[in-house]
Amino acid sequence: MINFKLALSALVAETASWSSLWLLRSHSDAALLGYLAAHALASGLLALCLAPFLGASAGSRRQRLALVALMALISYAVPVAGFIGSVIATIALSRQRGAHAGKKFSMLSLPDFDPHQQSGSGRRQAGLQSFLMNQAVPVASRMRALAALSHVSGRTASPMLRAALGDSSDDVRLLAYSLLDGKERQLSQAIHEERQKLERAQALEGDQLGPQGVQAAWALSDLYWELIYQEAAQGDVRDHATAQSLHFCRLVLARRPDSVLLVLRQGRLLHMQGQDDEALTCYERALALGLPPARVVPYQAELLFGQRRFGEVQERMRSLDMQQALPRLRPSIQYWSAS
């Protein structure tokens with residue numbers, strides 16, 4: 001707020017410095033010194049009067065003091081025009097910057113965390129991808145971060161390792177390729193071992209798979225699905241893994257038709273192959289066998305959305321219980337449930 005006493009005192013002092021009749025009629029040094037003293041007092045009082053307006057414009061006490069001294073100097077050096085200019089400049093500066101003073105950052109609400117993604121070392125992986133993509137980070141640090149991915153699940157690590165294949169450093173690219181190749185070799189070795197088990201089981205049990213053959217076929221379906229899930233298989237290799245996982249899945253379902261998890265997987269594999277009608281049938285069967293709707297309906301809705309059957313998508317998403325669904329799924333349920 002403006003100090004009216006200081007403003008009035010500055011006005012009186014400045015008026016007195018100019019209205020002294022004896023100054024106008026005298027050319028003595030004493031008269032000049034009297035004018036300069038009164039004018040200096042008026043300049044200082046004006047600067048102090050305008051000082052509160054500089055609180056929002058200056059960032060520190062030292063800056064405010066410097067601005068007050070500058071206004072006093074201008075008012076003193078340029079009579080009348082300096083007074084008026086200081087007042088106008090201070091008011092304009094206060095209006096321009098005062099509305100945004102102190103609002104350097106807007107307040108944002110914290111995001112909701114998915115408790116299903118907080119287990120293990122998930123929190124430490126949050127900024128790892130941006131860290132790896134930052135070319136300003138030293139190569140040694142990026143390589144240590146890549147080495148840490150060897151202890152991370154393939155689903156999380158594979159996309160980051162593939163992104164690191166385009167790094168500008170040869171060492172980083174080689175390490176990323178080595179880690180990716182190692183994960184693929186592990187799965188390939190497990191697939192080779194399970195195929196041998198299946199062949200031995202077929203030799204003992206015949207074409208009609210017995211318990212050992214069913215177990216081996218189930219494991220092979222899991223392993224080929226893992227290649228897809230971890231994104232270790234790309235392009236034609238992914239298509240081959242999809243076909244193989246579906247083949248072994250059907251072998252098991254021929255002996256155990258009520259294996260609900262394999263029924264759901266069969267639906268997802270058929271969905272990936274573009275066989276939508278067969279996939280929908282598998283989804284419906286999975287629901288009939290007792291699988292919770294929250295595990296099945298999202299895949300149904302995705303398939304129906306691709307067919308542009310939006311009314312059915314809305315109907316199925318509305319059927320889901322918001323409380324039982326995963327937090328990441330709740331925004332979709334809320335969107336489709338809106339009237």
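Reader: How many helices and strands does the chain have?

Author: The chain has 16 helices and zero strands. Helices (H or I, at least four residues) and strands (E, at least two) are DSSP runs, numbered from the N terminus.

Reader: And what should I know about the source?

Author: This is a predicted model, where local features need pLDDT of at least 70, side-chain atom pairs count only at pLDDT 80 or more, and totals for chains, interfaces and linings use all residues. Residues are numbered from 1 along each chain as its sequence is written, and side-chain values use heavy atoms, with hydrogens and water left out.

Reader: What share of the chain counts as buried?

Author: Of the 339 residues, 33% count as buried. Buried means under 20% relative accessible area, exposed over 50%, partly exposed in between (1.4 Å probe, protein chains only).

Reader: What about contacts between residues 24 or more positions apart?

Author: They account for 55% of the contacts in the chain with a separation of 6 or more. Contact means heavy atoms within 4.5 Å.

Reader: Now the core. Which residues of the largest nonpolar core touch the most other members?

Author: Y224, L227, Y283 and M317, out of 44 residues in that core. A nonpolar core is a set of buried Ala, Val, Leu, Ile, Met, Phe, Trp, Tyr and Cys residues joined through side-chain atoms within 4.5 Å.

Reader: Which elements give two or more residues to this core?

Author: They are α9 (170–205), α10 (211–229), α11 (236–255), α12, α13 (276–288), α14, α15 (310–318) and α16 (330–337). The most comes from α10, with nine residues.

Reader: What does Y283 touch?

Author: Leaving out residues up to four places away in sequence, Y283 touches L264, G267, R268, H271, V296, Y299, Q300 and L303. There is also a second, separate core of 14 residues, with L128, A145, L149 and A176 among them.

Reader: Switching to packing. How do α12 and α14 cross?

Author: The axes of α12 (residues 260–272) and α14 (residues 293–306) come within 11 Å and cross at roughly 15°. That makes α12 roughly parallel to α14. Axes are lines fitted to C-alpha atoms, for helices over the stretch in contact, and angles run from 0 to 180 degrees between N-to-C directions. Angles under 35 degrees count as roughly parallel, over 145 as roughly antiparallel, 65 to 115 as roughly perpendicular and the rest as oblique.

Reader: Which residues meet there?

Author: L261, L264, R268 and H271 in α12 meet R295, V296, Y299, E302 and L303 in α14. By class, that contact has five nonpolar, one polar and three charged residues. Ala, Val, Leu, Ile, Met, Phe, Trp, Tyr, Cys and Pro count as nonpolar, Asp, Glu, Lys and Arg as charged, and the others, Gly among them, as polar.

Reader: And how do α14 and α15 cross?

Author: Their axes come within 8 Å and cross at roughly 170°. So α14 and α15 are roughly antiparallel to each other.

Reader: Who meets whom in α14 and α15?

Author: From α14, V297, Q300, A301, L304 and F305 meet F310, E312, V313, R316 and M317 in α15. The classes are seven nonpolar, one polar and two charged.

Reader: Where is R308? Buried or exposed?

Author: R308 is in the loop between α14 and α15. It counts as exposed because its relative accessibility is 63%. R308 has a positive phi of about 65°, although it is not a glycine.

Reader: Last one. Is S245 buried or exposed?

Author: S245, found in helix α11, counts as buried because its relative accessibility is 0%. S245 touches S221, Y224, W225, R265 and L269, not counting residues up to four places away in sequence.
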